[in-house]
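Hi,

Here is the model I said I would pass on.

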Amino acid sequence: MRIARTPRAAPGLALLLALCAPGPSPAAEPAPETPVVDSAMTWEEAVRNVSPRCPRAVLERQRLVTVRYYSMDGRLHQGQLVVDRRVVKDLEEVFALALAERFPIDKVIPISHPDFLRDGVWDDDLSMRANNTSGFNYRRPTGGGRISDRGHAAGLAFDLNPRLNPYLKGKLVLPAGATYDPAVPGTLTARSPIVRKLKQLGWSWGGDWRTLKDYQHFQKSSPGE
Ligand SMILES: [Zn+2]
């Protein structure tokens with residue numbers, strides 16, 4: 001190959017070339033933020049101590065989803081959520097939105113974590129008190145009633161920042177001592193992009209309920225296939 005002779009550039013052209021020079025190489029840019037890992041369970045750990053009454057078919061539909069979010073410390077965190085496979089895509093979209101909006105999510109850890117065990121049983125109260133976001137839990141709905149084939153018992157519901165978004169029914173507040181203040185970052189209102197997005201995707205929000213408020217709660221009653 002013939003080597004082209006370098007043309008002698010006019011001073012003005014040299015300046016223009018300098019101005020058009022590419023910016024810093026990718027190597028010079030700051031490295032992507034390394035997340036603080038809140039949860040890194042195996043599947044076995046994520047379903048350890050599940051209620052022995054949980055039907056096998058329900059358990060087999062659950063998936064362990066890794067999610068990233070900005071926590072209360074302003075840093076990028078990584079956690080895990082157990083939900084029905086039919087809502088995994090929705091959850092991924094919503095967490096991507098929360099990340100883009102920098103909507104703070106305290107922590108996302110499967111309820112099987114030892115911190116949330118009471119007498120060997122998954123305890124939603126301990127999870128709520130820790131302001132933990134969680135999904136699948138084969139249990140009765142908050143407020144009583146039978147275990148249904150919907151909601152948390154089916155992995156078709158999740159609770160977001162429960163200490164900031166409590167369950168309120170008359171004088172009952174769950175978790176105990178929580179207050180609902182929309183001015184606090186991480187609190188959900190009807191105008192929150194996350195709430196609007198989930199409704200678009202066919203979820204219902206406990207903040208819309210009339211007889212009680214369950215601001216932390218989202219549920220998809222018709223998840224499709
Ligand atoms: Zn809930």
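This is a predicted model: local features need pLDDT of at least 70, side-chain atom pairs count only at pLDDT 80 or more; totals for chains, interfaces and linings use all residues.

Helices H4 and H6 are roughly antiparallel to each other, because their axes cross at roughly 160° and angles over 145 degrees count as roughly antiparallel (under 35 is roughly parallel, 65 to 115 roughly perpendicular, the rest oblique). H4 covers residues 88–101 and H6 residues 193–200, and the two axes come within 10 Å. Helices here are DSSP runs of H or I with at least four residues, strands are E runs of at least two, and both are numbered from the N terminus. The axes are lines fitted to C-alpha atoms, for helices over the stretch in contact, with angles running from 0 to 180 degrees between N-to-C directions.

On the H4 side the contact uses Glu-93, Val-94, Leu-97, Ala-98 and Glu-101, which meet Pro-193, Ile-194, Lys-197 and Leu-198 of H6. Contact means C-beta atoms, placed from the backbone, within 7 Å. Six of the contact residues are nonpolar, three are charged and none is polar (nonpolar: Ala, Val, Leu, Ile, Met, Phe, Trp, Tyr, Cys and Pro; charged: Asp, Glu, Lys and Arg; polar: the others, Gly among them).

Residues are numbered from 1 along each chain as its sequence is written. The protein chain averages a pLDDT (the predictor's confidence in each residue, from 0 to 100) of 90, and 88% of the residues score at least 70. Over residues 13–18 the pLDDT is below 50, and this stretch has two contacts in the model beyond near neighbours in sequence.

Now the sheets. One is open, with three strands in the order E1-E3-E2 and mixed pairing (strands pair if DSSP finds at least two bridges between them). E1 (36–37) and E2 (62–70) are its edge strands, each pairing on one side only. E2 pairs with E3 (residues 76–84) in the antiparallel sense over nine bridges, and Tyr-69 stands opposite His-77 in E3. H4 turns up again here: it packs on this sheet, touching E2 and E3, and its direction makes about 5° with that of E2.

Another open sheet of three strands runs E8-E13-E11 with antiparallel pairing. Its edge strands are E8 (157–159) and E11 (204–205). E8 and E13 (residues 217–219) share three bridges, with Phe-218 in E13 as the bridge partner of Phe-158.

Cheers
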